Amino acid sequence: MEKTGEEVKISQDLFVGKKIGKIRDHYRIGKVLGSGAFGEVRLCLHKESQVQRAVKVLRKNLLDEKEMEMLKNEIGILKEMDHPNIVKMYEFLEDEKRIYIVTEICKGGELFDEILNRSKFTETEAQVVMKWLLSAINYCHKKNIVHRDLKPENMLLEQDKDLEKLKIVDFGTSMTFDPDNVLNEKLGTAYYIAPEVIHKKYNEKCDLWSCGVIMYILLSGEPPFNDPKADNEAIMKKVEEGKYDIKKGVWKSISKDAKDLIKKLLTFNPDDRISAEDALLHPWIKETKIEIDAEAASNALGNLNTFRSGQKLKVAAASYIGSQLISKSEKEKLGSVFKKLDKNGDGKLSREEILDGYEEHFGKFLNEDEIDQLFIDVDTDKSGFIDYSEFIVASMSSKKNMSEEKLTAAFKMFDSDGSGTISKDELKKVLSSSNQIGDETIETILWEVDKDKSGEIEFNEFAELMGRLDLDK
């Protein structure tokens, strides 16, 4: 969150940060879901919302200085991620021995296991995977973030195995890049690594090579660069040669468009390799069928049009509920609508995409004043686009999400000392990063909500404020 002049901007990462207290104060820790060199991933239950999440538990004594830096970098990158196909980080905690990273949970296992189960995917299925993979990578690249270890093991599915809901995880090797400078660390996995990474001179296009390998595997059931002994050095030598087959066997029944996209993704020279943005415009990707619940779309767009932000405390509290307490099923439905509206797949909605959505689903034309007002109210970080989290907050159902239980949880988030009231200092603590909001702005917010002029906000005043949020008219 930042302040420019008198304008307070509320960004999606406002509530994604370091949580104070012990992990067991906030979560009930469950079974082990997986383990690695530095720790394990466990199931956990968020006590406040009763929602299941995943927590990565990392032991500090197993991390050297470089690994600790990479971990901090991963946390910083995850905090910025706001895309329906990138795993959401809720918060992280730390004690003397461990670091805990809490994320949403995906119970459907790795895409890798699904590939093994199916042996290969139909073109229609592969289109769905590739569209949302490329959308997520395009989103990352637009934010100057390169993943550097894309592979089916780092893509998780939900329990229903709906391919549209896949999530990219494990940003441990990711980094923010400078478009004017080359990267020189040799990172990645043998089967998926780009040839220029092996030579330690590359840019973000290395992710597109990995996407090409994944697409090849989805359609054929085998990697393009392989060695019978699965020897990493031998595999990487074949990668360096860059030769693969798309003519024999199963490839005879694969469409020309699919093979054309693979060629563009597995182009040896990264300067000539297709970008994620252009790949999303490829005919094969544009053919992807996206199913959408018409009623869910109408409800979401109706709520979006009637959402009124006005008071900043109100927006911040709604943002907390939308980011931390909304049910997974509702978020998935709204996510499907968001992705349907996101025509160019960049992970954010432009004015044109919103206008097209209203015309398509409502047969309604928004005039300039209406679209201007919608963006004033919904685009709370003033980026000029409606981000995923902003869409969720503005389009969610108030009947489901403004219950007394959720309002109490949001109130407690502000009331950090548990006194039963929200003080000026507590307001400032939540609504300001690096004390960028002045006392005058905080005083104004307090004055607007504090009806009895006690100098603090009581729960009934907070609930009255949230009752006027008008998400559903």
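Rings of Phe, Tyr and Trp (its six-membered ring) are taken to pair when their centres lie within 6.5 Å, with planes under 30 degrees apart called stacked, those over 60 edge-to-face and the rest tilted. The structure is a predicted model, in which local features need pLDDT of at least 70 and side-chain atom pairs pLDDT 80 or more, while totals for chains, interfaces and linings use all residues. Residues are numbered from 1 along each chain as its sequence is written, and side-chain values use heavy atoms, without hydrogens or water.

Across the whole structure, ten aromatic pairs are found. In one of them, the ring centres of Phe225 and Tyr244 are 6.1 Å apart and the planes meet at 85°, so the pair is edge-to-face. Helices here are DSSP runs of H or I with at least four residues, numbered from the N terminus.

Phe225 has 1% relative accessibility and is therefore buried (under 20% relative accessible area, where exposed means over 50% and partly exposed lies in between, with a 1.4 Å probe and protein chains only). Tyr244, at 24%, is partly exposed.

Arg53 lies over the face of Tyr90, 3.6 Å from the ring centre, and Lys348 lies over the face of Phe385 at 4.1 Å; the criterion is NZ of Lys or CZ of Arg within 6 Å of the ring centre and within 35 degrees of the ring normal.

Finally, 13 of the 14 residues of α12 are buried, so this helix is largely enclosed by the rest of the structure.

Technical notes. Helix = DSSP H or I, 4+ residues; strand = E, 2+ residues; numbered from the N terminus.
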